[in-house]
Each structure stands twice: as structure tokens, then as C-alpha cells.
Amino acid sequence: MNDIKDLTPKELEQVLLSWKQESFHARQIFSWIYKKGVTDFDAMSDLPSDLRARLKEGFYILSLNLIKRIESHDGTEKSLFKLKDDNLIEAVIIPAEKRITGCISTQVGCKFACRFCASGKFGFKRNLTSSEMIEEVLYLKNNSQGRKLTHLVFMGIGEPLDNYDFVIKAIRIINSPHTFNIGARRITISTSGVIPAIKKLSGEGLQIELSVSLHAADDKTRSKLMPINKIYPVKDLIAACREYIRKTNRQITFEYVLIKDINSGLQDALKLSKILKVPNCKVNLIPCNAIKELKVQPPEDTEVSSFRDYLLKSDINVTLRRPRGQDIEAACGQLRLRYAKK
Ligand code: SAH
């Protein structure tokens, strides 16, 4: 049995032709699944019955099992899913006034072991397939309280650029007018800084948003926080980002999670302002979600404001993002961490 969501519209047409069926049924099937949220081939009433039977033999539509769903008082909603092989992943809906953002996982666990992040706590298990990622989106779309899912961020568990081919395939499917029709400019990939993949991404011709998790401006601090820095150090990463911006004409957002006593002092802001003399970039400051197990805490509000003000004075385009869903442990991997511990 194969997951039908693994197929692009073109690929499904090919399958139909090989079954001696009309290729236009592919469009109908896509519409049932992605527009109408139908999860049973039998309900696809405008398909010939022999085609429905054939589809049922060869494909399935759903693979995720919802285990737990928690809503924050700020409206953020987090879902924990069990995959077919019993592994756990998370996806989040983040509603705001003018947009509804879905946040999805790309891997089971994570190899990158960032010190402040719960996702890598149990190491890496496996990549998600494109259809598993698409199903996360499908689930979020069907459960967004009647509102349209407008934006998508690949910021859940895992490192998207470490699962490059499946992530790009998923984006191309999600982007298609036959599926969710979420514009590339409304899709963000967040990376811990896998330089060869950033280079490759710049040649894809995708108008997506790229976020780079920087979190420190010097190698000593960054290597302590993010082991990947020992392979791809700050200077090389910034050079790769410059090259990406030049080649794609797109902006890069640098994510900077503020952690008390680690990277939130004025000397850190000074270092950051020096390395970010990069055209067409901005900085997103995020006071970290406190995670007891990892001994990380956000700085005091005054320190956060001073950090932001320093960057503003240095002419850096900076926004301060308040973490959402703190009461439901919405930062990457937190719910999975809690659940798997039980
Ligand atoms: N691996 C990718 C994407 C997943 S993490 C990356 O590193 O970008 C998505 C974002 O959540 C990253 O910026 C990550 O640094 C951040 N994050 C992880 N743990 C956090 C925490 N405890 N508080 C706030 N942000 C966190």
C-alpha cells in the first residue's frame, strides 16, 4: 500500500494512465483530498466505481494517529501524532489576527542537538517522507477552526535541510494549486545552518522564505549552543547567507533565541551587529521557552529590550517575537519530550 499524498498531480495522472483510466480523474482526486478534506476513496462520488476500488487496493490517504491535542490560552494549538511505526511527531497551529500559520515537523528527532532545544533530546530516528509532512498540513488545514491556513513554517521537530529532497518535494506539492495552494512566499524553512544545503536551495527557483537559526555571533558561544557550528562556523555561514541573498534576491531572517546568561548581554548584541552588515536581512529576537530539563531560561524583559534597542541603534532590522503557546510547551519537541518521558 502506498500513500497517495506522495504523488504530485503529474505522477497521479501517470498512474491513472497506466491503469487505462482518464488522467483528468487525478484533478478530482486531488480536490477531494486537499480541498474537501475527504479521507475515504468511497466518498469520492464522481469517480467511476472500478477506479475507486483500484485506488483503495493500491493507496491509503491517512497515516497519522492523533494522540493528544492541547490548546494554549493564546489560541496556539499543538497536536502530537503517532506515525505508522509508532514514532511521535508534533505539529502546531498558530492563529493570529490576519493569518493562520501551521508549523510542521520534518524528522523524527533531530541529529543536531542544539542545547536549548527539546527536539534532539532523544537523538535522531528517521526522516519524515513528503507525504507524512503533507499529512501534517492536511490535518492542520482540516482543524483550523474554519479559518484558512495561510502560512506554513518548517520549524517543528527536525532539521528540514537535513531531509532536503523530501522537504523540497513536500513544498512543491503544498504549493500546487491542485492541493493547498499556499504560495511559496508564505512558506518558511528554518535551518540551523547546513551550508551545502543552503547553497543547493539557492538554485531551486523557489520563492520561499529562509530563516537561519543563528543564536550567537561568535564561534565559541555558538558551538556551545549548536554543535553544527563546529562544522559550519559563523563566518562561513554568514558568507553562505550573503551568497544566497545575492543569488535569489530574497531576504534572510536570522533567528536569535535569547537565553539568560548565555547570549543575551550587550557584548553579544555588539558582536551580532558587527557580523550582520548583510544587505537584505533581518533579525528575529525570541526570548527562549524555558525548558527545565535543558536548564535554559529567558532573560529578564529589561535585558531583552536593551538587546533589541542596541540592534536598532546599529541600524539592524529587528523584530521581537514573544514566544507563543508557552503554557502548552509549544517550542519544538517539548510535547514529545514530555510525552515520551512518561
Ligand atoms: N532545525 C531547524 C528548524 C527547527 S527549530 C532550525 O534549527 O532552525 C525551529 C526554531 O525553534 C529554531 O530557531 C530553534 O532554534 C527554535 N527553538 C528551539 N528550542 C527553542 C526554545 N527552547 N525556545 C525558543 N526557541 C527554540
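I began with the secondary structure and counted 11 helices and 14 strands in the protein chain, where helices (H or I, at least four residues) and strands (E, at least two) are DSSP runs numbered from the N terminus. I then looked up the radius of gyration, which is 21 Å and close to the 20 Å that the globule rule gives for 342 residues, so the protein chain is as compact as a globular protein of that length; the radius is taken over C-alpha atoms, and the rule is 2.2 Å times the number of residues to the power 0.38.

I note that this is a predicted model, in which local features need pLDDT of at least 70 and side-chain atom pairs count only at pLDDT 80 or more, while totals for chains, interfaces and linings use all residues. Residues are numbered from 1 along each chain as its sequence is written, and side-chain values use heavy atoms, with hydrogens and water left out.

For the chain as a whole, I found that 56% of the 342 residues are buried, meaning under 20% relative accessible area, against over 50% for exposed and in between for partly exposed (1.4 Å probe, protein chains only). Of the contacts (heavy atoms within 4.5 Å) with a separation of 6 or more, I saw that 67% join residues 24 or more positions apart.

Next I turned to the ligand. Of the 19 residues around the ligand, I listed F116, S190, S213, H215 and N289 as those that come nearest, a residue being near if one of its heavy atoms lies within 4 Å. The shell divides into nine nonpolar, eight polar and two charged residues, with Ala, Val, Leu, Ile, Met, Phe, Trp, Tyr, Cys and Pro counted as nonpolar, Asp, Glu, Lys and Arg as charged, and the others, Gly among them, as polar. Strands β10 (187-191) and β12 (252-258) each supply at least two residues of this shell.

A polar backbone atom of F116 lies 3.0 Å from a ligand nitrogen atom, and for T191 I read 3.4 Å between a polar backbone atom and an oxygen atom of the ligand. Taken alone the ligand exposes 540 Å², of which the protein buries 92%, by the Shrake-Rupley method with a 1.4 Å probe.

Last, I examined S79, which is found in strand β4 (residues 77-82). I noted S79 as buried, with a relative accessible area of 2%. Leaving aside neighbours within four places in sequence, S79 is in contact with L66, K68, R69, I89, E90, A91 and Y139.

Conventions:
Polar contact = N/O pair within 3.5 Å; in protein donor to acceptor, adjacent residues only side chain to side chain.
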